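This report goes through one model, from local backbone features to the ligand shell and the chain as a whole. The sequence and structure come first.

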Amino acid sequence: SEARKVVLTEDPQLPQAVKSKILNLAPLRDQRVRVRGWVHRKREQSKILFIVVRDGTGLLQAVLSGRVAQTYDALTLTLESSVELVGKLVEVPAGQTAPGGHELVVDWWRTLGAAPGGAEAFTNKVNEDSGPEDRANLRHLVMRGETASAVLTLRAHLLTAFRATLIKHQLIEVTPPCLVQTQVEGGATLFKLDYYGQPAFLTQSSQLYLETCLPSIGDVFCIQESFRAENSHTRRHLSEYTHLEGELAFITFDELMDHIETLICESVDILLANPHSAALIKQLNPDFAPPARPFKRLSYVDAIAWLREHGIKRPAEDGSGGEVEHAMGDDIAEAAERRMTDIIGTPVFLHGFPAELKAFYMKRIPGNEKFTESCDLLMPGVGEIVGGSMRMSDEQELIAAYRREGIDPAPYYWYTDQRKYGTCEHGGYGLGVERLLAWLANRFTVRDCSLYPRWPGRATP
Ligand code: 4AD
């Protein structure tokens, strides 16, 4: 047809276009700009083609009219095609809205990579009818959506805010190994692998390594992947998750909880002070309010009493399917923990868990040795997001703990040496980044807070 013969050439008489990412366009109003991105939406209205392009930094409306709307590329344009657009950036006419308050009046453009139409079209692959399995298989396409991309961008801001807060408080970042030969959080969730003929594991936590850094470089943190062979298909468990861990020397248990609270609150303040991350929080979680300080602190003993008073029971262990009251010494399981947090409605530090419920390395409460200087931070809607404790500082006590847990002390010689060569009181914590993000961005599951989430049976894409 006649229209298909329209071939565009870029007019050399026009002012040179400034190449820009969409995020940086505001100061370029009334100038000629060049933007590359993907077709996010399109509509035609009286022969004018309106395209919304996306480049990862934002959205931009482009207006194609006249010759530029009559090329072969224009007539066959599909969603998710990549395009290059050049034109004058103008304020949107009064009474109209567009992202950033401006639109690009295109004078030259081209398709860089055409996406298919028909059965293979993007919208036939990812749409409202896609079930969870489809969406998991198509995570690479799903993440082009406005919600998924907002969560992933907010995640980046969150990691930056955490680093800024930790550095401000003089913790130094280290990168511990993922391939290890020691366990931290019990044998049940270890991924085992063959390491040049020797047994090794994927790390469950970098805690033991962080502890060894204290006498060398001082208080430290890491943001590292941890791996848990959890056989639980819950909305808050991943097989691989991003673990923010910190370790501090010469602190008390109260100072440890103060530090965790400071880390979260100051990082949230940074996110709310930055217009980009504040806008993402508003988009994803419009009712978000920063938590009030100080966080409530509730001892394990008081929590058991609270659960009994509120009639929150736990599943019976006799296989009857019935429920029984919580008793001293019980683990507070996920369901009860979440109901408690949702009723209380604010962050809560649960502290002082019985030693037999917790890991081998935890320090006992002086004078009350059945219990440990341990804490879990619970958040409404998610439950536990941080686990922390003071660590045993005495070498003989630690050796006895290995024995009690049936752990061979030999591979832990380097961890034991921490007590031998100038021990110190110290403590630390691990924060689940996806869980914190689920709280901040109001996501139902941590699976939406990971780039490519892994859970039992899923390691693709
Ligand atoms: O309570 P956890 O098991 O504590 C530790 O690993 C300590 N060694 C950390 C330390 O003191 N350095 O795990 C810490 C946090 C949990 O509170 C939770 O937020 C997250 O890690 N987490 C998980 N997140 C997603 N999926 C899983 N399977 C997780 N397991 C733990």
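## Backbone, helix contact and ligand shell

Tyr196 sits in the loop between strand S9 (191-195) and strand S10 (198-202); helices (H or I, at least four residues) and strands (E, at least two) are DSSP runs, numbered from the N terminus. The model is predicted, so local features need pLDDT of at least 70 and side-chain atom pairs count only at pLDDT 80 or more, while totals for chains, interfaces and linings use all residues. Residue numbers start from 1 along each chain as its sequence is written.

Tyr196 is not a glycine, yet its phi is positive, near 45°. Tyr196 counts as exposed because it has 5 C-beta neighbours inside 10 Å. In these terms a residue is buried with 20 or more other C-beta atoms within 10 Å of its own, exposed with 12 or fewer, and partly exposed in between, with C-beta atoms placed from the backbone.

Glu80, also not a glycine, has a positive phi of about 75°. The location of Glu80 is the loop between helix H1 (72-75) and strand S5 (82-91). Glu80 is partly exposed because 19 other C-beta atoms lie within 10 Å.

Helix H7 (residues 253-273) contains Asp254. Asp254 is exposed because it has 11 C-beta neighbours inside 10 Å. Asp254 and Glu373 are 119 residues apart in sequence, and their C-alpha atoms are 9.4 Å apart in space.

Two packed helices are described by the angle between their axes and the distance between the axes. For helix H6 (residues 207-217) and helix H12 (residues 413-420), the axes come within 10 Å and cross at roughly 35°. Axes here are lines fitted to C-alpha atoms, for helices over the stretch in contact, and angles run from 0 to 180 degrees between N-to-C directions. H6 and H12 cross in the left-handed sense, meaning that the near helix is turned anticlockwise from the far one by less than a right angle (clockwise would be right-handed). H6 contributes Leu208, Glu211 and Thr212 to the contact, and H12 contributes Trp414, Tyr415 and Gln418. Two residues are in contact if their C-beta atoms, placed from the backbone, lie within 7 Å.

Which residues come nearest to the ligand? They are Ser205, Gln207, Gly387, Gly430 and Gly432, out of 23 residues around the ligand; a residue is near if its C-beta atom, placed from the backbone, lies within 6 Å. Strand S12 (240-249), strand S20 (383-390), strand S21 (426-432) and helix H13 (433-440) each supply at least two residues of this shell. S20 gives the most, with five residues.

The chain has 13 helices and 21 strands. Its C-alpha trace spans about 90 × 55 × 50 Å along the principal axes. Of the 461 residues in the chain, 33% are buried. Among contacts between residues at least 6 apart in sequence, 64% join residues at least 24 apart. Residues 152-453 are 35% helix and 24% strand, and the end C-alpha atoms of this stretch are 12 Å apart.
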